[in-house]
Amino acid sequence: MTLLRDAYITGAGAYLPGAPVANDRIEDHIGRVHGRCSLLGRRALRWNGVQTRHYAMDSEGHATDSNAGMCAKAVRAALDDAGLGHADLDYLAAATTQGDYLVPGHGVTVHGELGGGPIEVASFQSVCGSALMAAKAAWLSVRAGEHNVAAACAGEFSSRWFQPGFYEGSALVDDKGRLAAEADFLRFTLSDGAGAIVIEPAPQPGALSLRIDHIDVVSLAGAFEPCMWAGGDRENRSDAAQGWSQAGPLAAHAAGSIALLQDFDLLKRVIRAWVGVYLKKVDEGRIVPDEVDWLLCHYSAQSLRDELMSLLDKTAGAIPPEKWFSNLATVGNVGSASIWVMLDEFLKSGRLQRGQKVLCVVPESGRALVGFMMLEAV
Amino acid sequence: MTTAVVTPARGGEVSDVLRRLAVVFAEFEGRLAQTPLIRKLTRGRFSPDDYRAFLSGLRQQVKDGALWMSRAASNIGEAHLELRSRLMRHAVTEHRDFRLLEADYVAAGGELAEIQGAEKNIGSEALSAWMFHEASKPEPFGLLGAMWIIEGLGQIKALEWGRAAQRRLGLPDEAVRFLIYHGENDAAHIEEFEAMLGLVLPDPATARRIVRTAEVTARLYVLQIEEIVS
């Protein structure tokens with residue numbers, strides 16, 4: 001029997017399309033529903049704290065790239081960072097919330113954009129947490145000795161889903177032409193880009209690498225309804241049998257079932273559940289807050305309300321603010337790609353020292369899921 | 001639900017117990033969300049009958065709350081007078097709350113005699129028996145765990161449920177006062193609770209008992225909600 005090998009992140013890469021877009025220019029790229037400026041946008045921006053983001057959609061509403069295309073660019077950048085070329089790649093795990101196609105999967109679509117000979121691929125479709133699902137598959141495949149160079153990538157082209165045509169003529173717009181809050185909020189929250197990591201069974205010679213100690217992905221979907229979803233109307237979203245394809249595309253659009261939506265009341269509960277899962281990991285000794293040197297969390301501390309920060313503090317679960325690293329405010333919330341875009345900037349910032357531990361936390365409001373990845377710099 | 005393994009951690013015993021209690025509460029919330037009544041509420045199939053059944057189901061435990069708290073206070077010895085004082089004050093604050101709940105019931109279209117004459121459901125019987133049993137023991141510090149669950153409900157869930165019921169059913173403010181009043185009045189909850197834990201900890205046996213009592217109370221509370229039928 002072969003023993004499991006240690007596996008290391010030896011490279012990271014990101015691709016953010018176009019120039020950064022400031023808050024007052026968002027609707028030039030995603031469009032205005034019935035030509036009207038959003039009433040909610042400013043509130044959403046105050047809450048998420050994002051100042052600039054990127055769109056693969058120019059100000060005329062033309063796509064400048066595809067989700068898979070951005071992923072392929074991020075994979076190339078990560079391979080380059082690892083000192084490898086794309087001929088070295090033998091396993092690709094690709095993650096996204098919404099791929100370019102309904103069929104086939106994101107994995108083969110990214111491979112198609114990347115080009116090159118036969119490799120093994122896997123597709124992971126969820127929301128932000130899909131990044132860690134893909135990373136876990138890539139990590140385990142290297143760990144088990146199946147592959148020697150694996151890449152995990154994640155990408156989003158959210159702005160495409162925010163175009164006015166996704167809402168106009170549907171139940172999401174009222175008779176005064178106003179878009180429902182559960183749809184509009186996300187338009188000012190999510191943006192485009194891709195990120196990737198490369199995993200190998202040995203550290204990169206002469207450079208800092210990150211040994212992956214564990215990746216835990218915990219779904220609480222058994223106790224929660226969808227909280228961020230597309231493909232079902234608000235009232236029937238828990239009944240998968242009434243998913244959008246049952247009614248067909250035109251009827252589903254009219255019912256407001258095609259657009260991406262968020263239930264904010266439920267989100268508050270989901271956030272508490274994430275904190276509960278985290279505290280359980282702390283209690284079990286799986287995460288030791290004192291040993292964490294850097295926290296990369298795909299969620300802004302300001303969005304966790306005071307009561308939760310105080311709960312973390314009083315339960316000895318808090319990680320002090322000076323250990324948090326985040327670029328959400330400048331690159332935007334890129335969904336599944338965010339954690340790799342953040343890790344890439346963090347690694348290039350020169351902050352990390354050999355021997356330090358890095359905890360990555362990726363909550364996913366989709367249906368109450370949260371993932372953790374513990375890394376150590378070697 | 002399993003009892004957490006007690007391992008030493010950095011923040012001292014009060015932090016350790018608070019963390020375990022937070023985990024118990026998070027799991028409790030998940031189980032509550034799966035009960036038929038709360039599923040109806042969150043999925044928009046909640047009726048006025050469901051709301052009245054909900055109030056009627058809650059009344060029994062609300063009415064008993066101040067009573068078991070008083071009994072617990074009477075079993076606290078001289079070494080913990082401060083905790084005894086706090087429980088007594090707490091009981092005084094809450095012992096008339098069930099009247100508010102009855103008034104809500106009437107404002108929601110129910111008859112006073114109906115809610116006053118309603119029997120405890122199976123879950124309420126079990127919960128009440130458990131509370132009085134624990135409160136009757138000498139130095140019943142484990143009940144701090146029960147308070148964490150029940151106060152947490154008041155602080156975190158009551159407002160959410162009250163607002164959801166009001167929105168779904170178009171109820172007047174006078175019909176949701178109990179749920180909304182609770183949500184708005186318990187903000188300093190965690191600070192006060194931390195101070196109470198500090199009165200009986202560190203003590204490993206007490207720490208374990210507090211967490212265990214929270215787990216049992218949470219399970220029986222869910223049973224009480226499961227058993228509410230309109």
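**Strand pairing in chain A**

Reply: Strand 8 (residues 210-219) of chain A and strand 13 of chain A run antiparallel, joined by nine bridges. Strands here are DSSP runs of E, at least two residues long, numbered from the N terminus, and two strands pair if DSSP finds at least two bridges between them. This is a predicted model, where local features need pLDDT of at least 70, side-chain atom pairs count only at pLDDT 80 or more, and totals for chains, interfaces and linings use all residues. Residues are numbered from 1 along each chain as its sequence is written, while chains are lettered from A and ligands numbered from 1 in the order in which they are written.

Me: What stands opposite A:Val218 in strand 13 of chain A?
Reply: A:Val370 does.

Me: And how many bridges pair strand 12 with strand 13 of chain A?
Reply: Eight, in the antiparallel sense. Strands 12 and 13 of chain A form a hairpin with four residues between them, and A:Ala368 in the turn has a positive phi of about 55°. A:Glu364 has A:Leu369 in strand 13 of chain A as its bridge partner.

Me: How does strand 11 of chain A run against strand 12, parallel or antiparallel?
Reply: Parallel, with four bridges between strand 11 (residues 294-297) and strand 12 of chain A. A:Leu295 is opposite A:Leu359 in strand 12 of chain A.

Me: What order do the strands of the sheet take?
Reply: In chain A, nine strands form an open sheet in the order 5-4-6-7-1-8-13-12-11, with mixed pairing.

Me: Why is one side of strand 5 and of strand 11 of chain A left without a neighbour?
Reply: Strand 5 (120-125) and strand 11 of chain A stand at the edges of the sheet, so each has a single partner strand.
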